[in-house]
Amino acid sequence: MSSINQSSISEFLLLGLSRQPQQQQLLFLLFLIMYLATVLGNLLIILAISTDSRLHTPMYFFLSNLSFVDVCFTSTTVPKVLSIYILGSQTISFSGCLTQLYFLCVSADMDNFLLAVMAYDRFVAICHPLQYMAKMTYPLCTLLVVGSWLVANLNCLLHTLLIGRLSFCGNNIIPHFFCDMTPLLKLSCSDTHLNELMIHTEGAVIMVTPFVCILISYMYITYAVFRVSSPRGGWKAFSTCGSHLAVVCLFYGTIISLYFNPSSSHSAGRDMAAAMMFTVVTPMLNPFIYSLRNRDMKGALRKVLTMRFPSKW
């Protein structure tokens, strides 16, 4: 019996969030505003950090990388959603779907890794303050970021190639506004056991390990804070972690809601809302969380916004 390869389906149909014209207009405006806010907010964070010498520290180096990844994260999904509402075409090619899946996976992995690296940075700053500059050197920080990019790309390349080897010969409707791994596996008419095995083993290790590192870092941080004789000093030390903790809760909260709940508790509306929080809302909120709770960042952003460029005339 001849096998059918993926060429039998050359494109997929993204159902999006709504097919009602009035709701589509509202969603288009909502996505556009959130996308512009995400790009502008994160680019301002990067510009503020790069132009203010006071922010040339490991913590802000990692934050600037996180902002860059968040711009990539939301740019992977939102422009396609906007084009669907503008052009009215819900189709995405097979290669376009795999490309979107790959970059979405890389962005999610990088967010995961960077949050773990930032937790380690806070651990060293609070638990070993006198050794902070000696431990968190520029070569080490660069190595942590470059290593994260390397592992994220290799991991996502593996899963994308495994998806690419599958056959899609029946239904091509994806009940989502972007190409995600789970819907694609459900649409395949091939044996997906290898894909599922890699997701539940290698993929789980990639996602869970940074989260465990974050938990361990904050266990040590909490222990160090309680050992401080002055409650005010302990609270001041812990308050430097507030922004990072808020982003961690937002990021992992949406991931757990989307991917780690029992299948019986899933619904199309709930999964769509969680996916929107994960891919659109969280990258938009990160700049606000870090800037509103950080005096140095506020000052740097104020300088950027009031910067005057010399006239050529």
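Which strands does helix α3 (residues 94-127) lie across, and at about what angle does α3 run to β2?

Mentor: Helix α3 lies across β1, β2 and β3, and α3 runs at about 85 degrees to β2. The model is predicted, so local features need pLDDT of at least 70 and side-chain atom pairs count only at pLDDT 80 or more, while totals for chains, interfaces and linings use all residues. Residues are numbered from 1 along each chain as its sequence is written, and side-chain values use heavy atoms, with hydrogens and water left out.

The protein has eleven helices and three strands (DSSP runs numbered from the N terminus: helices are H or I of at least four residues, strands E of at least two). Along the sequence they follow the pattern β-α-α-β-α-α-α-β-α-α-α-α-α-α.

The three strands form an open sheet in the order β2-β1-β3, with mixed pairing (strands pair if DSSP finds at least two bridges between them). β2 (91-93) and β3 (173-174) stand at the edges with a single partner strand each, so one side of each has no neighbour in the sheet. Strand β1 (residues 11-14) runs parallel to β3, joined by two bridges: Leu13 has Ile173 as its bridge partner, and Leu14 has Ile174. β1 and β2, in turn, run antiparallel and are joined by three bridges, with Glu11 standing opposite Ser93.

In the protein, 45% of the 313 residues are buried.

Phe12 also belongs to a cluster, linked by ring pairs, with Phe94 and Phe168 (rings of Phe, Tyr and Trp, the last by its six-membered ring, pair if their centres lie within 6.5 Å; planes under 30 degrees apart are stacked, over 60 edge-to-face, the rest tilted). By this rule there are 13 aromatic pairs. One of them joins Phe31 and Phe177, whose ring centres are 5.9 Å apart with planes at 65 degrees, so the pair is edge-to-face. Phe31 lies in helix α1 (residues 21-51) and Phe177 in the loop between β3 and α6 (181-187), so this pair ties together parts 146 residues apart in sequence. Phe31 is buried at a relative accessible area of 0%, and Phe177 is buried at 1%.

Helix α3 also packs against helix α5 (residues 138-164), at an angle of about 145 degrees and with the axes 8 Å apart (axes are lines fitted to C-alpha atoms, for helices over the stretch in contact; angles run from 0 to 180 degrees between N-to-C directions). The contact of α3 with α5 has 18 nonpolar, five polar and one charged residues (contact means heavy atoms within 4.5 Å; Ala, Val, Leu, Ile, Met, Phe, Trp, Tyr, Cys and Pro count as nonpolar, Asp, Glu, Lys and Arg as charged, and the others, Gly among them, as polar).

Definitions and conventions:
Buried means under 20% relative accessible area, exposed over 50%, partly exposed in between (1.4 Å probe, protein chains only).
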